[in-house]
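Subject: Handing over a structure

Hi,

Here is the structure I wanted to pass on to you. Please open it next to this email and follow along as you read.

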Amino acid sequence: MSLTTVAAIDCGTNSIRLLVADADPATGQLVDRERRMEIVRLGQGVDRTGRLAPEALERTLAACRDYAEVIAAHGVTPDRLRFVATSASRDAENRADFVDGVRAILGVEPEVITGEEEAALSFTGATTELAGRPEVARPFLVMDIGGGSTEFVLGDEGVTAARSVDIGCVRLTERHLTTADGAVADPPGAEALAALTADIDAALELAAERVPLARAGTLVGLAGSVTTVAAMALGLPSYDPSAIHHTVLERDRVREIVEWLLTATHAERAAVPSMHPGRVDVIGAGALVLLRAMERADVSRVTVSEHDILDGIAFHTAREVR
């Protein structure tokens with residue numbers, strides 16, 4: 001066994017996450033040293049303004065400073081760190097401010113990757129463990145519901161089809177569930193929910209043009225919207241990644257949770273013990289993406305994975321170091 005210590009950062013529209021791990025891409029083994037996650041809402045207002053808000057940028061760079069200390073404590077050098085930035089920074093006019101700030105703090109160039117690259121990394125992270133289990137039906141359809149976009153990736157040994165569509169939980173909330181004064185509807189009305197559903201369904205049709213969703217042998221759901229729904233389904237007293245990882249959710253149970261989330265008030269959602277405060281306002285939109293995708297792909301269950309693009313970045317970084 002030969003493990004390489006690497007660090008991976010995934011900076012999305014809603015959260016920024018760090019993984020420091022010992023990885024062996026040849027065997028698919030990955031041993032966590034440290035995982036961190038902060039809700040920084042980098043994509044705040046990007047769909048409307050086309051720019052990163054100054055306060056959102058500062059929250060993100062503050063998290064980067066904290067992560068720099070953690071990475072240094074584990075002795076990881078910049079050549080073993082990979083920083084991947086996804087939807088919000090890909091769309092913003094002033095993304096150079098973000099790139100320059102990250103470079104100054106962490107000593108690496110943030111890679112503002114395409115949706116297709118994001119999809120491939122998510123697939124690697126989500127399926128490396130499952131690939132060794134013959135009872136898991138193939139091919140895998142990996143669905144990564146982010147803040148700004150959702151990736152759909154179909155494959156077995158590798159990716160055969162992928163598509164990124166702009167239906168992330170933050171983007172959808174800002175489009176359809178936010179009032180004129182900028183507040184999130186509490187709860188949203190029927191007209192807003194109808195528009196939200198129509199937007200999701202149109203994006204799923206777009207995804208299906210490139211990715212045959214109905215071919216899924218196993219649907220694998222990634223990221224905070226999916227894992228939070230799983231935590232709710234399990235009735236966890238607090239968020240527990242080890243309990244959530246590889247939980248299988250039935251579609252009827254997902255529907256029950258989605259219906260509750262979209263009719264609950266902010267206070268009721270915030271009172272869910274496994275709910276991260278940064279997800280309270282956007283979880284309804286993200287959960288609806290999960291449900292409509294399950295219905296569009298005609299699958300009765302989803303396997304929830306805590307391993308996602310972050311783990312894929314770590315595996316790829318270890319391979320490059322080798």
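A word on the ground rules. This is a predicted model, where local features need pLDDT of at least 70, side-chain atom pairs count only at pLDDT 80 or more, and totals for chains, interfaces and linings use all residues. Residues are numbered from 1 along each chain as its sequence is written, and side-chain values use heavy atoms, with hydrogens and water left out.

**The two domains**

The protein chain splits into domain 1 (4-114) and domain 2 (116-304); such bounds come from an automatic or database domain assignment. Their C-alpha centres are 22 Å apart. Domain 1 brings 19 residues to the contact and domain 2 brings 17, where contact means heavy atoms within 4.5 Å.

How much area do domain 1 and domain 2 bury between them? The value is about 1,500 Å², 48% of it on carbon and sulfur atoms. (Buried area is the accessible area, with a 1.4 Å probe, that two parts lose on being put together, summed over both.) On the domain 1 side, Arg 41, Asp 47 and Thr 114 lose the most area to domain 2, and together they make up 33% of what that side buries.

Across this interface there are zero salt bridges. A salt bridge here is a side-chain nitrogen of Lys or Arg within 4 Å of a carboxyl oxygen of Asp or Glu.

Which elements give two or more residues to the side of domain 1 that touches domain 2? They are strand 3 (29-39), helix 1 (46-49), strand 4 (81-85) and helix 3 (87-91). Helix 3 gives the most, with three residues. (Helices, H or I with at least four residues, and strands, E with at least two, are DSSP runs numbered from the N terminus.) By type, that side of domain 1 has five nonpolar, nine polar and five charged residues. Nonpolar covers Ala, Val, Leu, Ile, Met, Phe, Trp, Tyr, Cys and Pro, charged covers Asp, Glu, Lys and Arg, and the others, Gly among them, count as polar.

**Salt bridges**

The structure holds 23 salt bridges. One of them joins Arg 33 and Asp 22, with the closest N and O atoms 3.2 Å apart. Arg 33 is in strand 3 and Asp 22 in strand 2 (residues 15-24), 11 residues apart. Are these two buried or exposed? Arg 33 is partly exposed, at 39% relative accessible area, while Asp 22 is buried, at 13%. The cut-offs, with a 1.4 Å probe and protein chains only, are under 20% for buried, over 50% for exposed, and in between for partly exposed.

Arg 51 and Glu 93 also meet in a salt bridge, at 3.8 Å from N to O. Arg 51 lies in the loop between helix 1 and helix 2 (54-73) and Glu 93 in the loop between helix 3 and helix 4 (95-106), so the pair ties together parts 42 residues apart in sequence. Glu 93 is exposed, at 60%. Elsewhere, Asp 201, Asp 252, Arg 255, Arg 292 and Glu 295 are linked in a network of salt bridges.

Why call helix 8 (residues 224-234) largely enclosed by the rest of the structure? Because nine of its 11 residues are buried.

Ser 225 is in helix 8 and is buried, at 2% relative accessible area. Not counting residues up to four places away in sequence, Ser 225 touches Ile 145, Cys 169, Arg 279, Ile 283, Gly 286 and Ala 287.

Thr 150 sits in strand 7 (residues 150-155) and is buried too, at 0% relative accessibility. Its side chain reaches the backbone oxygen of Ile 167 at 3.2 Å. Beyond four places away in sequence, the residues touching Thr 150 include Met 143, Ile 145 and Val 289.

Happy browsing!

Definitions and conventions
Polar contact = N/O pair within 3.5 Å; in protein donor to acceptor, adjacent residues only side chain to side chain.
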